[in-house]
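Here are my notes on the model, as numbered points. Have the viewer open while you go through them.

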Amino acid sequence: MLLGILITTIIGIPMGVTKFQGILSAPHSIAPIFCQFEWEKIFTLDMLVVVFTFLFIDMFDTVGTLIGVCTKADMIDKKTGKIYRLKQAFMANAIATTVGAVIGTSTTTTYVESASGVAQGGRSGLTAFVVACCFIVTLFFSPLFLSIPAAATAPVLILVGLLMLEPIRNIDFSDYSEAIPAFTCVIMMPMAYSISDGILTGMILYVALNILCGKFKKLTPTMYILAILFVLKYIFI
């Protein structure tokens, strides 16, 4: 993947796709975006709606990514389907999201690109730590990395999506109560440009179809509550 990005970037130079912007530069100051909070509307209904919406988006984007990456890394209990150390993963995501907001960056969360690292054998926190150190170094080489065109990275993201799609073979497509919600999730995520919307619609359909099929044993009280909340979200938000 890295060779593909490098070769495509080099090929793009004579074609005018790659625009060289330099090699080294000092990192920009974060003063204009650091701790730039707006407190005027914190206790308003608008703020409640915004927080509620982003909570669902962040939570279910994280859940969807964790399921895909952990399945690829074989870090899910095969009997129960539970992700190992899920609480720790959510805590790490919550801390990163909060710190990122304070610093002023885009939302810091889990990303599907981690699947490419898992495919190369990286499955531990040490991998993430080394990657973080490498990102610190890249701050000083930002002009060089910003020269890499989207045409060089887009094909790699398609391959990452392919890696994430591998666990779909474990779905029982002969059971419509399983297949239709799963198919809806797969279709809705790219169409709505949102992992959370895909999961939400899939959960609503999963509960509805299993109720219609009389398969009440497959459903838990939590699933009923979530399905109702998700329907209310689409009605009122």
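1. Start with Asp175: at 18% relative accessibility it counts as buried, where buried means under 20% relative accessible area, exposed over 50% and partly exposed in between (1.4 Å probe, protein chains only). Asp175 pairs with Lys215 in a salt bridge, 3.0 Å from N to O, a salt bridge being a side-chain nitrogen of Lys or Arg within 4 Å of a carboxyl oxygen of Asp or Glu. That pair links distant parts of the chain, 40 residues apart: Asp175 is in the loop between H7 and H8, and Lys215 in the loop between helix H9 (195–212) and helix H10 (221–236). Lys215 itself is partly exposed at 30%.

2. Before going on, the ground rules. This is a predicted model, with local features needing pLDDT of at least 70 and side-chain atom pairs counting only at pLDDT 80 or more, while totals for chains, interfaces and linings use all residues. Residues are numbered from 1 along each chain as its sequence is written, and side-chain values use heavy atoms, with hydrogens and water left out.

3. Which side chain does Lys218 pair with at 2.8 Å? The partner is Glu178, and the contact is a salt bridge. Lys218 sits in the loop between H9 and H10 and Glu178 in helix H8, so this pair ties together parts 40 residues apart in sequence. Salt bridges with shared partners join Asp175, Glu178, Lys215 and Lys218 into one network. Asp175 also meets Lys218, at 3.7 Å from N to O, and the structure holds three salt bridges. Both Lys218 and Glu178 are partly exposed at 27%.

4. On the overall fold: the secondary structure comes to ten helices and zero strands, taken as DSSP runs numbered from the N terminus (helices H or I, at least four residues; strands E, at least two). The C-alpha trace spans about 65 × 50 × 35 Å along its principal axes. Buried residues make up 24% of the 237 residues.

5. Helix H3 (residues 86–103) passes a geometry check: its 18 residues should span 26 Å at 1.5 Å a residue, and the end C-alpha atoms are 26 Å apart, which agrees. The expected span is 1.5 Å times one less than the number of residues. Asn93, Thr97 and Gly100 are buried in H3. Seen down the axis of H3, the buried residues fall within an arc of 70°, so they line one face; the arc is that of the directions from the helix axis to the C-beta atoms. Lys87 and Thr98 are exposed on the face turned away from that buried side.

6. How many disulfides are there? The count is zero, with a disulfide taken as a pair of cysteine sulfur atoms within 2.5 Å. For Cys134, the closest cysteine sulfur is in Cys133, 7.0 Å away and too far for a bond. For Cys70, the closest is in Cys185, at 17 Å, again too far. Cys70 is buried at 11%, whereas Cys134 is partly exposed at 43%.

7. One backbone item to look at: Cys35 has a positive phi of about 55° although it is not a glycine. Cys35 lies in the loop between H1 and helix H2 (45–72) and is partly exposed at 33%.
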